[in-house]
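Here's a quick tour for anyone meeting this structure for the first time. Have a look at the model, then read on.

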Amino acid sequence: MKARGGYFYRVLDVDLSTSRIRSSPVSDEFALKYVGGRGWGARFTWDNLRPGISAFHPDNLLTIAPGPLNGLYVPGSGKTSFSCISPATGLYADSNMGGSFGTELRQAGWDALRIRGRAHELSYIWIEDESVEIRSAAHLRGAGATTTETEIKKDLGEDVRVAAIGPAGENGVVFATVNTDWGRNAGRTGMGAVLGSKNLKAIAIRGTKDLPVCDVDRLTSVAERAYSYLNSHTLMGIWHRQGLMSVIDYANTVGFLPTYNFRDAHFDDAEKINGDIMEGEYKIGNSACFACPMCCGNVCLVKSGRWAGYACEGPEYETAAMFGSNLGITDFSFIVAANQKCDELGIDTISSSNLIGVLIEAIEKGMIGPNEAGLDVSWGDEEGIMKLLEMIADRSGVGDILAQGSKGMLSKWPQLSRITLQVKGLEQSAYDSRVSLCMALAYGTCDVGAHHNRAWPISKELEMGKDWGVEEKVDLVLYHQSIRPLFDMLGVCRLPWIELAIDENLYAEMYSAVTGIEHTLQDLLDRSKAIYDLTRSISARLGVRRKDDYAPPRTFEDPIETGPFAGRKADMATYETLLETYYQRRGWDLETGIPKRETLIKDGLEDVAEQLYRELGSLAGVG
Ligand code: SF4
């Protein structure tokens, strides 16, 4: 059946090596089967995968896909997915960007933008509906990401949407970001470095088209129910005031606040970096992604002191925790400054602060000497940490080692593996999983590495306590790993569901209204689950196996050192049981962790099954 809305059925292809620009058709069957966003990105990545195509190879295809609800009258519909092979992990990855950049791409009449090749000089892509140009960005070499956005807007107009990289992306820092709207990022897995490897400084878009919707009245009616629910929610007030910053106190209370490189899970000075401090002393405004009533962006300004004048859209919980308690920082003004510095340099706040924490602990314990590090940096050392951010971006001194991410750092200093919090090469997000085996399993099995994006089951697990057995825990992680990526496929924000418990069935209704084809939530969850099997199949072709599905060693080996949760660590035997049950539920081989042939066939991915098993044909015990 052909959808009567939701898609333009075409993708914009730009080859930067040949300057060839073309419109490629997308079939109706493809559009619905892969839904959009990360679903499309995963399939395009699968189709493009060949031996030798690593992250920085010109043929590493970068897909920017907003999703079929993006840009519509739907809460938080400004989300878009960047997908490709990641320089941080060497595996499939996607990173989700808020703001309005993806919406503008849709309004220009494109369902997705695919970029391959490498431009002969630093360039940017300029899209104005059908008109597409590759322009020189030589004058922007070395410019910060937010400065680049400002400069391009001066040339093209304030109404243009720009996504840009900073010097870190140009210099191949494997956790470089792509920034838009001066503060929203495709933050994780190194998408900015992939743009940099293509000599692509930015993408600028102006779109003027209406978006295709089959049943506008039905969409409006369902969306109004959604907006009305959100706007009358009792938590909306605190959400507007603090956004995700309110999580600091909760994390500190229940024991997952990263502290001193995840050695501890409770920070005695948490009240100096929490949401109340942010709201009372730094916040000067709110910002929001397209069509979002939740406005979670805390625009902050440092008004006095050493970091006076620094300002940013943020910080949110992750950045405040990782640059705060995790590095022994008690001054919120530094956190604002570090946030702005990361946005301008174009580096991920989570990965950079995680790796700096490892470095500080390594120096403190004598695992590497100050001479080897080239500088002495310690907990709470604001100047030293700020200097390190600049060294990472320009790849000088020890910054060059950190710029290579966990994988690069551990190849230089393998003795740090015990204290490095990473999975598959991606640094762990700001949630200590020693209080939550579900979270440990979520990190271990996340397709892009130790990222909370795919599953965040901590609060539910803590709420259920000892009443929950293995099956319930695994089912919770599996449900999260289907519903959360589904939001990234549709092009909408997951926070209305996570934070304010909006009925997720509404999104199936809205997708049905847009496409004109009835979909239940379960239909869409099945598609999301199939995409998870697809991204796992990509990773399997790139060598990922069961051994790669474990939370970081510290989770199991190092008890929390001090504070109310001292002595707690995760139990490996229980984790093994969870992992086996997880594989069984997913239909993945117990020994290898590779999706079984019949699982992929059930997903409707027959051709994927055939190709995967042809390539893996020599492996015994798989199939
Ligand atoms: Fe953007 Fe925050 Fe709204 Fe989500 S909740 S769409 S991240 S403003």
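Pro315 sits in the loop that runs between strand S15 (311-313) and helix H11 (317-323). Keep in mind that this is a predicted model. The peptide bond joining Gly314 and Pro315 is cis, with omega at about 0°.

Another backbone detail turns up at Ala291. Its phi is near 60°, a positive value in a residue other than glycine. You'll find Ala291 in the loop between strand S13 (283-287) and strand S14 (297-301).

Now for the overall layout.

Where does the ligand lie? Domain 1 and domain 2 both give residues to the shell around the ligand, so it lies between them. The residues surrounding the ligand are Gly76, Lys79, Arg184, Ala288, Cys289, Cys292, Met294, Cys296, Cys493 and Leu495. Sorted by class, that shell has seven nonpolar residues, one polar residue and two charged ones.

| Domain 1 and domain 3 | Value |
|---|---|
| Buried area between them | about 3,200 Å² |
| Share of the buried area on carbon and sulfur atoms | 66% |
| Salt bridges | three |
| Residue pairs in polar contact (both at pLDDT 80 or more) | 14 |

On the contact count, 37 residues of domain 1 touch 37 residues of domain 3. Which residues of domain 1 lose the most area to domain 3? They are Arg38, Trp46 and Leu69, and together they make up 26% of what that side buries.

Let's stay with the polar side of this interface for a moment. Between domain 1 and domain 3 there are 14 residue pairs in polar contact, counting those with both residues at pLDDT 80 or more. On the side of domain 1 that touches domain 3, the elements giving two or more residues are helix H1 (28-34), helix H2 (38-48), strand S4 (80-85) and strand S5 (92-97). Of these, H2 gives the most, with six residues. By class, the residues on that side of domain 1 divide into 17 nonpolar, 14 polar and six charged.

Finally, a word on salt bridges. The structure holds 51 of them. Why does the pair of Asp94 and Arg454 tie together parts that are 360 residues apart in sequence? Asp94 lies in strand S5, while Arg454 lies in the loop between helix H18 (437-445) and helix H19 (458-464), so the pair links those two parts of the chain. The side chains of Asp94 and Arg454 meet in this salt bridge at 2.9 Å, N to O.

Key. Residues numbered from 1 in each chain as written. Predicted model: local features only at pLDDT ≥ 70, side-chain atom pairs only at ≥ 80, totals over all residues. Heavy atoms only, no water. Near = heavy atom within 4 Å. Nonpolar A, V, L, I, M, F, W, Y, C, P; charged D, E, K, R; others polar. Domains from an automatic or database assignment. Contact = heavy atoms within 4.5 Å. Buried area = accessible area lost by both parts, 1.4 Å probe. Salt bridge = Lys/Arg side-chain N within 4 Å of Asp/Glu carboxyl O. Polar contact = N/O pair within 3.5 Å; in protein donor to acceptor, adjacent residues only side chain to side chain. Helix = DSSP H or I, 4+ residues; strand = E, 2+ residues; numbered from the N terminus.
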